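Open the model in your viewer and keep the selection tool ready. We will go stop by stop.

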Amino acid sequence: MLISEVSEKYGLTHDTLRYYERIGLIPPVKRRPNGIREYDDYSCGWIEFIHCMRKAGMPVETLVEYVQLYQQGPATKDARKELLLDEYRRLDERIVELQAVKERLLCKIDNYDHLEESVEIMDKDNKK
């Protein structure tokens with residue numbers, strides 16, 4: 001796949017894809033003789049993983065560490081698992097926080113509905 005196809009598929013800019021490659025988040029992408037990048041399934045698998053983790057809020061630094069550990073092979077499996085577990089716990093905490101914010105927002109919205117009802121009642125009383 002060309003960079004434009006990968007960009008469209010994952011909703012990432014060309015610059016982001018180049019950046020991910022430059023800092024080692026994805027393996028070096030094969031190039032055609034004219035220098036145009038040609039992404040294979042392996043690269044796309046990494047892009048999909050990195051994109052998913054970034055949407056979840058995982059810091060780039062953590063992802064770089066994860067990829068470096070992955071490249072060192074099976075001996076780092078426990079360290080990689082621990083990184084992912086730490087991020088899972090952080091994400092779980094964030095979900096709890098977001099749920100509380102969502103509930104607070106809903107209360108505020110409900111208050112506006114009650115305020116509108118009160119105004120309608122007062123308008124009716126003033127017209128009498």
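Start with the aromatic side chains. Select Trp-46, Phe-49, Tyr-66 and Tyr-70: ring pairs join them into a cluster. Rings of Phe, Tyr and Trp (its six-membered ring) pair if their centres lie within 6.5 Å. Planes under 30 degrees apart count as stacked, over 60 as edge-to-face, and the rest as tilted.

A word on the source. This is a predicted model, where local features need pLDDT of at least 70, side-chain atom pairs count only at pLDDT 80 or more, and totals for chains, interfaces and linings use all residues. Residues are numbered from 1 along each chain as its sequence is written, and side-chain values use heavy atoms, with hydrogens and water left out.

**Aromatic pairs**

How many aromatic pairs does a search of the whole structure find? It finds five. Select Tyr-19 and Tyr-20. Their ring centres are 6.2 Å apart and their planes stand at 45°, so this pair is tilted. Now colour by accessibility. Buried means under 20% relative accessible area, exposed over 50%, and partly exposed in between (1.4 Å probe, protein chains only). Tyr-19 has 31%, so Tyr-19 is partly exposed. Tyr-20 has 6%, so Tyr-20 is buried.

Next, select Phe-49 and Tyr-66. This aromatic pair is also tilted, with 5.4 Å from centre to centre and 40° between the planes. The pair links distant parts of the chain: Phe-49 lies in helix α3 (residues 41-55) and Tyr-66 in helix α4 (residues 60-71), 17 residues apart. Helices (H or I, at least four residues) are DSSP runs, numbered from the N terminus. Phe-49 is partly exposed at 23% relative accessibility. Tyr-66 is buried at 12%.

**Helix α4**

Stay on α4. Which residues are buried there? They are Val-60, Thr-62, Leu-63, Val-64, Tyr-66, Val-67 and Leu-69. Select Gly-73, which follows α4: its phi is positive, near 100°.

**Helices α1 and α2**

Move to helix α1 (residues 3-10) and helix α2 (residues 14-22). They pack at an angle of about 100°, with their axes 9 Å apart. Axes are lines fitted to C-alpha atoms, for helices over the stretch in contact, and angles run from 0 to 180 degrees between N-to-C directions. Angles of 65 to 115 degrees count as roughly perpendicular, so α1 is roughly perpendicular to α2.

Finally, show the contact (heavy atoms within 4.5 Å). Ile-3, Ser-4, Val-6 and Ser-7 in α1 meet His-14, Leu-17 and Arg-18 in α2.

Technical notes: Helices (H or I, at least four residues) and strands (E, at least two) are DSSP runs, numbered from the N terminus. Angles under 35 degrees count as roughly parallel, over 145 as roughly antiparallel, 65 to 115 as roughly perpendicular and the rest as oblique.
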